[in-house]
Amino acid sequence: MSAPVRDGDEVAGLVEEVRQRLAASPGALTPHRVAEALRSAGRPVGDATVLDVHEALRREVVGAGPLEPLVRMAGVTDVLVNGPGPVRIDRGRGLEESGVVMASEEACRRLAQRLVASGGRRIDEAAPFADVRLPDGTRCHAVLAPLARPGTAISLRVPRAGGFTLDDLRAAGAVTSEGCEVLRRILAVRLAFLVSGGTGTGKTTLLAALLAEVDPRERIVVVEDAAELRPEHPQVVGLEARPANLEGVGAVVLRDLVRQALRMRPDRLVVGEVRDGAVVDLMAAMNTGHEGGAGTLHANSALDVPARVEALALSAGLGRAAAHSQLASALDVVLHLTRDRGTGRRRLAELAVLERDRDGWVHTVPAATFSADGTFATGPGAERLRELLDPRPSR
């Protein structure tokens with residue numbers, strides 16, 4: 001007769017004991033071996049107990065382990081482990097606790113090491129953090145304790161199968177009808193744009209939706225630190241940066257890939273996340289006939305974009321005046337995203353154009369704003385935006 005396991009703590013205790021016994025005699029993980037390990041430990045060997053322990057052990061070595069059900073849950077974009085305790089998820093409405101609980105720091109650490117190893121890297125005391133892409137495309141970032149408190153932290157960014165379209169984003173309230181119309185015009189006349197916003201505001205999601213709208217006869221070359229952009233487009237070539245190996249060699253940085261992309265006959269060059277001196281190469285590409293280029297950039301507001309680009313360009317050795325000159329001629333529009341505090345909803349908040357002052361410094365000027373209730377309003381840059389969207393050759 002079955003002796004069912006009563007609660008999660010009891011399962012965790014049995015799993016740890018069985019794990020140690022199985023490790024002493026290597027072999028395939030089967031219910032039969034689990035039952036034998038339970039018997040030798042003097043534990044209950046009911047069918048339900050064996051199956052519970054076997055399933056818990058199996059999840060540890062397959063996919064995302066105990067996080068696998070959360071990764072596969074419809075609508076989940078992020079899965080977050082903050083040491084032992086409840087695992088949190090984001091389904092587009094802010095963080096919420098899931099039914100999955102990490103029992104101990106050892107379990108968190110073991111999971112982090114296995115996930116990172118599946119992405120081709122290692123994480124240990126000598127290298128206590130890592131950022132990898134898992135075989136299914138999920139992006140995994142992990143930091144071991146004690147650097148992370150209260151315990152080992154694991155952050156999974158889950159790619160959406162199939163991606164969103166602009167119409168999907170409109171239906172979800174991320175983009176208004178007026179916003180969709182303007183975004184399609186931006187693509188049609190091949191304006192260069194940056195999608196800005198804070199972490200988790202949906203920059204990559206919006207950019208992928210926009211690229212899916214590009215004429216299928218155009219070749220898009222996407223350069224990224226970690227491959228996340230998956231636009232539904234027939235002619236996308238992706239280039240992904242590579243960190244140094246354990247010997248500290250073999251790194252391929254974003255700037256190198258941008259230069260390679262320019263030799264690949266791109267109709268549109270896209271940098272998935274501009275976070276270093278690659279911004280110089282992106283601006284140079286946009287200034288050499290590659291219209292319709294795009295990228296994403298971390299910024300608190302559209303107003304902060306010129307300063308952010310300036311700082312990145314300075315890190316690459318480009319002076320302030322040169323950076324502003326390049327920016328003024330390279331970029332046409334900034335699409336700024338925000339995340340509502342109350343609902344957690346990600347949405348397009350502002351469209352801005354660029355202008356230079358008398359001293360030559362570039363500033364962003366709001367052309368259109370979209371409030372949380374969907375209200376649309378024009379700004380002082382509206383006339384300039386209309387000029388940019390005018391398809392006449394005189395533009």
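## Exposure classes and overall make-up

A residue counts here as buried when its relative accessible area is under 20%, as exposed when that area is over 50%, and as partly exposed in between. The model described in this report is predicted, and the classes just defined are applied to the residues discussed below.

The protein chain contains 13 helices and 15 strands, and of its 395 residues 45% count as buried. Of the contacts between residues at least 6 apart in sequence, 52% join residues that are at least 24 apart. The chain exposes about 19,000 Å², and carbon and sulfur atoms supply 52% of that area.

## The cavity and its lining

The structure holds 1 cavity of 30 Å³ or more, and the space within the largest cavity comes to about 50 Å³. Its lining is made up of Leu194, Val274, Val279, Leu282, Met283, Met286, Val309, Leu327 and Leu331. Sorted by class, this lining has 9 nonpolar residues, with no polar and no charged residues. Helix H10, which spans residues 278-286, contributes 4 residues, the largest share of the lining.

## Helix H2 and the residue after it

Within helix H2, which covers residues 31-40, the buried residues are Arg33, Val34, Ala35, Ala37 and Leu38. An α-helix has 3.6 residues a turn, so residues three or four places apart point the same way. The helix H2 is followed by Gly42, whose phi is positive, near 75 degrees.

Glu291 has a relative accessible area of 44% and is partly exposed.

The side chains of Arg259 and Asp256 meet in a salt bridge with an N to O distance of 3.4 Å. Both residues lie in helix H9 (residues 254-262), where, being 3 residues apart, they are separated by about one helical turn. Arg259 is partly exposed at 34% relative accessibility, and Asp256 is likewise partly exposed, with a relative accessible area of 33%.

Salt bridges that share partners also join Asp78, Asp90, Arg157, Arg339 and Arg346 into one network.

## Two residues and their surroundings

Ser315 is found in helix H11, which runs over residues 305-315, and at 56% relative accessibility Ser315 counts as exposed. When neighbours within four places in sequence are left aside, Ser315 is in contact with Asp276 and Gly277. The C-alpha atoms of Ser315 and Ala278 are 9.9 Å apart in space, although the two residues are 37 residues apart in sequence. Helix H10, the contributor of 4 residues to the cavity lining, spans residues 278-286.

Glu355 is found in strand E13, which covers residues 346-356, and with a relative accessible area of 47% Glu355 is partly exposed. Again leaving aside neighbours within four places in sequence, Glu355 is in contact with Trp361, Val362, His363 and Val365. The separation between the C-alpha atoms of Glu355 and Arg384 is 9.2 Å, and these two residues are 29 residues apart along the chain.

Methods. Residues numbered from 1 in each chain as written. Predicted model: local features only at pLDDT ≥ 70, side-chain atom pairs only at ≥ 80, totals over all residues. Heavy atoms only, no water. 1 Å grid on protein atoms, 1.4 Å probe; cavity = no way out; pocket = protein on both sides within 12 Å on 5 of 7 lines; lining within 4 Å. Points joined across faces, edges and corners; volume = space filled by probe spheres on them. Helix = DSSP H or I, 4+ residues; strand = E, 2+ residues; numbered from the N terminus. Nonpolar A, V, L, I, M, F, W, Y, C, P; charged D, E, K, R; others polar. Buried < 20%, exposed > 50% of the residue type's maximum accessible area, 1.4 Å probe, protein only. Contact = heavy atoms within 4.5 Å. Areas by Shrake-Rupley, 256 points an atom, 1.4 Å probe, with all protein chains shown as cover. Salt bridge = Lys/Arg side-chain N within 4 Å of Asp/Glu carboxyl O.
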